[in-house]
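Here's a quick walk through one model, written for someone who likes cut-offs spelled out. Have a look at the structure first, then read on.

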Amino acid sequence: MLEKILETKKMEIAALELPEQVDVPHHSLYEALRSPNRSIGLIAEVKKASPSKGVIKEQFEPVAIAKGYKEGGADAISVLTDVKYFQGHCDYLTAIKQVVSLPVMRKDFIIDKKQVDETVRIGADAMLLIVGTVPILELKELYEYAYSQGLECLVEVHAKSELEELLASFSPKIIGVNNRNLKTFETSLTQTEEMSDLIPDGSLFVSESGIHSKQDLERVGKVGAAGVLVGESLMRAETPVAGISHLFGGETIAASS
Ligand SMILES: O=P(O)(O)OC[C@@H](O)[C@@H](O)c1c[nH]c2ccccc12
């Protein structure tokens, strides 16, 4: 699956025309995760569909969902911008940035500098980089280029071997462990548990995918996760506010921003 997605990306990049720069206020993902509203930071994802689940939300209104996430006390928002496999769009991210004052991360398959430029122009605060999509030295270059342009990165790994390869090259400020096995699409929080010891003290640690309940939050929090990235379970809730409230088992917000 990943190979197929990357093939599509390469074609898209070849045809990519950079949009106009949008002017929006910026917010730091790193700082938001360092002082979360509740016991653990929440990056709430705006996600219509995925290759493994098909369409998750038929009536999909990205801006309304993001506003609901803010109202529910999310610390940051992730927006899928891949069109073909996740039914996302860069325009969704820009529209959200224009009205919701939270850090917003672009969730896509970023493998080329041109896409970093695009990410800056659409107004994102942060973007995802995935270990294994490009050689590690290229990933490091994309990371450094992004930070030089004022964009933060969440660097994602799927396996211990990838984390070791990453850390041998550089230590990102924010590291994400994806609990989803890319071959079987199954999620298991033992991924987060087994890799937590390897995360350097200076990096913020985010557990991604397959998180549905307060018990899940406690499990990953116990091994040092500063934040979680949650999509499907929030998208399937009656409303974004109800989804977040269920996820945190009714835990109230300590400080509102
Ligand atoms: O819907 P979930 O299981 O809560 O997962 C969210 C997020 O982690 C997932 O969408 C994701 C993690 N890494 C990715 C890379 C590309 C596309 C999507 C993803």
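Let's start at the ligand: β10 (227-230) and α10 (232-235) each supply at least two residues of the shell around it. Helices (H or I, at least four residues) and strands (E, at least two) are DSSP runs, numbered from the N terminus. Which residues come nearest to the ligand? Of the 14 around it, those are Glu208, Ser209, Leu229, Gly231 and Glu232. Here a residue is near a molecule if its C-beta atom, placed from the backbone, lies within 6 Å of it. By class, that shell has three nonpolar, five polar and six charged residues. The nonpolar class is Ala, Val, Leu, Ile, Met, Phe, Trp, Tyr, Cys and Pro, the charged one is Asp, Glu, Lys and Arg, and the others, Gly among them, are polar.

A word on ground rules. This is a predicted model, in which local features need pLDDT of at least 70 and side-chain atom pairs count only at pLDDT 80 or more, while totals for chains, interfaces and linings use all residues. Residues are numbered from 1 along each chain as its sequence is written.

UniProt, in an unreviewed entry, lists residues 3-242 as "domain: Indole-3-glycerol phosphate synthase"; such annotations may be inferred rather than shown by experiment. The end C-alpha atoms of that span lie 36 Å apart, and the span is 38% helix and 18% strand.

Now the helix packing. Axes are lines fitted to C-alpha atoms over the stretch in contact, and angles run from 0 to 180 degrees between N-to-C directions.

| Helix pair | Angle | Axis distance |
|---|---|---|
| α3 (62-71) and α11 (240-247) | about 40° | 8 Å |
| α3 and α4 (90-99) | roughly 45° | within 9 Å |
| α6 (136-148) and α7 (160-169) | about 60° | 10 Å |

Angles under 35 degrees count as roughly parallel, over 145 as roughly antiparallel, 65 to 115 as roughly perpendicular and the rest as oblique. α3 passes α11 in a right-handed crossing, meaning that the near helix is turned clockwise from the far one by less than a right angle. On the α3 side, Ile65, Gly68, Tyr69 and Glu71 make the contact, and they meet Pro240, Val241 and Ile244 of α11. Contact means C-beta atoms, placed from the backbone, within 7 Å. The classes come out as five nonpolar, one polar and one charged.

α3 also packs on α4, at roughly 45°, and the pair is oblique. This crossing is right-handed. Pro62, Val63, Ala66 and Lys67 of α3 touch Tyr92, Ala95, Ile96 and Val99 of α4. That contact has seven nonpolar residues, no polar and one charged.

Finally, α6 and α7 are oblique to each other and their crossing is right-handed.

Terms used: Contact = placed C-beta atoms within 7 Å.
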